[in-house]
Amino acid sequence: MNLFYNKEGIGDTLIVSIAPVERNRMEVEKKGDVVRIFDRETNRSFGYNIFQASEYFTLNGYSGPVNGNEELLNQLNRLLANEGFAEQLTADFSPKFVVGYVKEREKHPNADKLSVCQVDVGGENLQIVCGAPNVDAGQKVVVAKIGAVMPSGLVISPAELRGVPSKGMICSAKELNLPNAPKEKGILVLDDRYEVGQAFELHAHE
């Protein structure tokens, strides 16, 4: 589940994204300030739009992805119940941008400019296909895990690149929308101040 709020851009609306919308099968139902977007064939929810969101949630300072937490999830589920929706939402609020350590880097078997990396993100190893020319073993890097929402709005999903599975993305400073990001292509390489597995807070670096 991903949350978005941008009052200046789209008004006082909290967007709750659960799954990619299939527009040819999309239906909507509105109850009070809540609109449910769902699949007309399976009745599976794609997401919700919460209008007048600032009346229900504290969203000051957000302009894009919203960092969810258990309290916000509970407020959201209470609102859905109060408006007459039976669905109760669940979510994983563990950090989606974390510090990783590139343990191994091998050339992609089917693509000259891609590398297949084994990345330790703290108690978990992820295989990530990376196209950056400067990626190498022994680096500390920023990893966007599955479910991460990039500043561009892109949601990171499992992928298969030229036949090789990839679970996450090793990020550049530009992709993270960090100030003074270099124009040259390449991932952001972190120094030893960062601990493998720790959350990388995008807002702290703006």
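1. In this predicted model, the largest nonpolar core is made up of 18 residues, and those with the most contacts inside it are Leu14, Val16, Tyr48, Ile50 and Phe57. The elements that each give two or more residues to this core are the strands β1 (2–6), β2 (13–17) and β5 (45–51), together with the helix α2 (70–82). The largest share, five residues, comes from α2.

2. Aromatic pairs come next, and a search of the whole structure finds three of them. One is formed by Tyr56 and Phe57, whose ring centres are 6.4 Å apart and whose planes lie at 55 degrees, so this pair counts as tilted. Phe57 is buried, with a relative accessible area of 4%, whereas Tyr56, at 28% relative accessibility, counts as partly exposed.

3. Tyr194 and Phe200 form another pair, with ring centres 6.1 Å apart and planes at 35 degrees, so that this pair is tilted. Both Tyr194 and Phe200 are buried.

4. A charge also sits over an aromatic ring: the charged end of Lys31 lies over the ring of Phe85, at 4.7 Å from the centre of that ring.

5. The structure holds nine salt bridges. In one of them Arg36 is joined to Glu29, with the closest N and O atoms 2.9 Å apart; Arg36 counts as buried at 8% relative accessibility, while Glu29 is partly exposed at 25%.

6. Asp92 forms a salt bridge with Lys96, in which the closest N and O atoms are 3.5 Å apart. Asp92 is exposed, with a relative accessible area of 51%, whereas Lys96 is buried, with a value of 18%.

7. Glu22 forms a salt bridge with Arg25, the closest N and O atoms being 3.6 Å apart, and Glu22 counts as partly exposed at 32% relative accessibility. Glu22 and Arg25 also belong to a network of salt bridges that links them with Asp39 and Glu41.

Note on methods. Residues are numbered from 1 along each chain as its sequence is written. This is a predicted model: local features need pLDDT of at least 70, side-chain atom pairs count only at pLDDT 80 or more; totals for chains, interfaces and linings use all residues. Side-chain values use heavy atoms; hydrogens and water are left out. A nonpolar core is a set of buried Ala, Val, Leu, Ile, Met, Phe, Trp, Tyr and Cys residues joined through side-chain atoms within 4.5 Å. Buried means under 20% relative accessible area, exposed over 50%, partly exposed in between (1.4 Å probe, protein chains only). Helices (H or I, at least four residues) and strands (E, at least two) are DSSP runs, numbered from the N terminus. Rings of Phe, Tyr and Trp (its six-membered ring) pair if their centres lie within 6.5 Å; planes under 30 degrees apart count as stacked, over 60 as edge-to-face and the rest as tilted. A charge sits over a ring if NZ of Lys or CZ of Arg is within 6 Å of the ring centre and within 35 degrees of the ring normal. A salt bridge is a side-chain nitrogen of Lys or Arg within 4 Å of a carboxyl oxygen of Asp or Glu.
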